[in-house]
Amino acid sequence: MSPTMKRSVGVSVVFVALAAVAAFATVDIGQFSGGITEADAFIINQLLLPRILTAVLAGASLALAGAVFQSVTRNPLGSPDVLGFTQGAATGALVGIMAFGGGALVVAVSAWIGAVGSGVTIYLVARRGGVTGGARLILVGIGIAAILSAVNEYLITRANIVDAAAATVWITGSLDGSTWSGVVILAAVTFLLAPCLLLTSRSLRVLELGDDLAIGLGLGVEKVRLLTLTGAVLLAATAASQTGPVAFLALCAPHLARRLTRRTGPNLVPTLLLGAALMLWADYISQHAIPNRVLPAGVVTGVLGGGYLVYLLAHQRKTGQI
Amino acid sequence: MSAPANRLATRNLTLGYDHRQVVRDLEVEIPDRSFTVIIGANGCGKSTLLRALARVLRPTSGTVLLDGKEIGAHPSRHVARTVGLLPQSPITPDGITVAELVGRGRFPHQGALRRETPQDRAVVERCLAETALTDLGQRPVSSLSGGQRQRAWIATALAQDTELLLLDEPTTYLDLMHQIEVLDLCARLHAAGRTVVAVLHDLNQAARYASHLIVLREGEVIAEGAPDAVITAELVGRAFGLRARIIPDPETGRPLVIPLPSQVTAK
């Protein structure tokens, strides 16, 4: 095993350990030292376990989708937040809340349709002459995101105050509504799609060298792009339908993972593990940062992720990379 | 349609981007084991032709033939093991080391699940040695000089382990010393038995290094053959619109093009 590979494995183990610590902190094992009552068992089984599993699965899905988007677009900003899927999911959720009563399942389904619909639209608009350039995906995504943001704001101004509050919490991203049925859906999609995406890792590394070289090396570049983008959009849409579009997680996790492993390429496995750990920690912090006040997890990832992005840009400017 | 005598050839090849036709009805043969250089003025279709030979660009009509069969009809992995390509502007991933980059050239020899084998590593080592980069293997590509970086990309194409090697303007943006460094490397690869095809800008470098020249003008072949036979004052005038005198290069005896002042002079 090469030294970079060893480091990659070591970093991944640390991510798993961090996730485990956050999970135990969330359950707060210490409080049950006097034995577990029936009420405690109910809280653990029906509230905390689905919450932890949702965080793990949604965090991993969003991070993995972000890593794929960044690799395929060859752009460090390629993520669901920038490409418009987040906004599409929000539009779907708003319609679900305002027009169809806002039941958990209805909102999840309509958010999923919104995210996948915006993904398909962006892909079709960005495709020209059978080629989907990375830069075009980003630009079209930004355009669609702007349109959908405007639509979302319009919908919120039209909503009654209860719907608007519900919609805002949903858009920020929160694990409060986690249920076992949500966990089952997330697990099914994640366990189906994540391994498929992990298998494309080598193809993505070749695609990063540019279309011409990748074709020269025998890669079917459009096929790889279509398959990986489809997988990533479905993962991100499913995660967002359960937790709301947790801000910046998909953007930051791949950057952080790459920085810590010091490996080039999409770093899919470490990114996926880091996504799970970050989501758990964001949820834990959001519940404990301000005493007696619970924040949506998306607020924490937004503040930390946005801060990290600014740091990254400032750092790259200093080293002359942008 | 006659069967080609060489591994790589074109028949009635027409190429273009969107609706702009760049190359029309081209019939070329890349002689096996030659160092073929494609030259011509800017916009004459040199790079377009090379991209089609590497099946990166699909023909509008006509065919590129590899071993007598349309190149697109071969399995793409087979083509990738036969024809190596260094495109004009490949993308250097952030932070990648030279050895890692060269290793990515092994892609067509690996399966989806197969990890790097000792044989892959041996090929990478050999390619680094062939391009005199052995000592720089662990350095980030971004820290190399222009010539070293170009050698690293050539090593990546070499790691593909192909008999044919296509290089799109491998010397552009390099200073003269690095241009010669890269061309000497191409000459060594040719001498070792490979068929090398390169697009070059510099007529004198083409005359000095090529064993076979293909001269394009506005998408048509206006001359092909050995540099001694092909390069004449008349041809330089037709291909580049340049008045020139041709003398034997005192170093090599190959034709040397001396440009003359253009006839349009300011008063």
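First, the conventions. Residues are numbered from 1 along each chain as its sequence is written, chains are lettered from A and ligands numbered from 1 in the order in which they are written, and side-chain values use heavy atoms, with hydrogens and water left out. As the model is predicted, local features need pLDDT of at least 70 and side-chain atom pairs count only at pLDDT 80 or more, while totals for chains, interfaces and linings use all residues.

I start with the interface. Taking contact as heavy atoms within 4.5 Å, chain A contributes 21 residues and chain B contributes 29 residues. Buried area is the accessible area (1.4 Å probe) that two parts lose on being put together, summed over both. For chains A and B that comes to about 2100 Å², with 57% of it on carbon and sulfur atoms.

Side chains of opposite charge can pair when their charged atoms come close. A salt bridge here is a side-chain nitrogen of Lys or Arg within 4 Å of a carboxyl oxygen of Asp or Glu. Between chain A and chain B there are 2 salt bridges. Glu208(A) and Arg104(B) form a salt bridge, with 3.7 Å between the closest N and O atoms. On the chain A side that touches chain B, helix 9 (201-207) and helix 10 each supply at least two residues; helices (H or I, at least four residues) and strands (E, at least two) are DSSP runs, numbered from the N terminus. That side of chain A has 8 nonpolar, 7 polar and 6 charged residues. The classes are Ala, Val, Leu, Ile, Met, Phe, Trp, Tyr, Cys and Pro as nonpolar, Asp, Glu, Lys and Arg as charged, and the others, Gly among them, as polar.

Helix 10 of chain A also takes part in a salt bridge within the chain. Arg74(A) and Asp211(A) meet at 2.7 Å, N to O. Arg74(A) is in the loop between helix 2 (38-73) and helix 3, Asp211(A) is in helix 10, and the two are 137 residues apart. Over all chains, the count is 20 salt bridges.

Now the spaces. On a 1 Å grid over the protein atoms alone, a cavity is a set of points where a 1.4 Å probe fits but cannot get out; a pocket is an open set with protein on both sides within 12 Å along at least five of seven lines; lining residues have an atom within 4 Å of a point. Grid points are joined across faces, edges and corners, and a volume is the space filled by probe spheres set on the points.

The second largest pocket has a volume of about 1200 Å³. It has 35 lining residues, and the closest to its centre are Val131(A), Ile215(A), Val56(B), Leu57(B) and Arg58(B). Helix 11 of chain A gives the most to this lining, 4 residues. By class, the pocket lining has 13 nonpolar, 10 polar and 12 charged residues.

There are 2 cavities of 30 Å³ or more. The largest cavity is about 90 Å³. Among its 14 lining residues, Leu62(A), Pro80(A), Thr86(A), Ala240(A) and Pro245(A) are the closest to the centre. Helix 11 of chain A supplies the largest share here too, 4 residues. This lining has 12 nonpolar, 1 polar and 1 charged residues.

The second largest cavity is about 40 Å³. Its lining includes Thr54(A), Ser178(A) and Gln242(A), and helix 8 (residues 180-199) of chain A gives the most, 3 residues. By class, that lining has 2 nonpolar, 6 polar and no charged residues.
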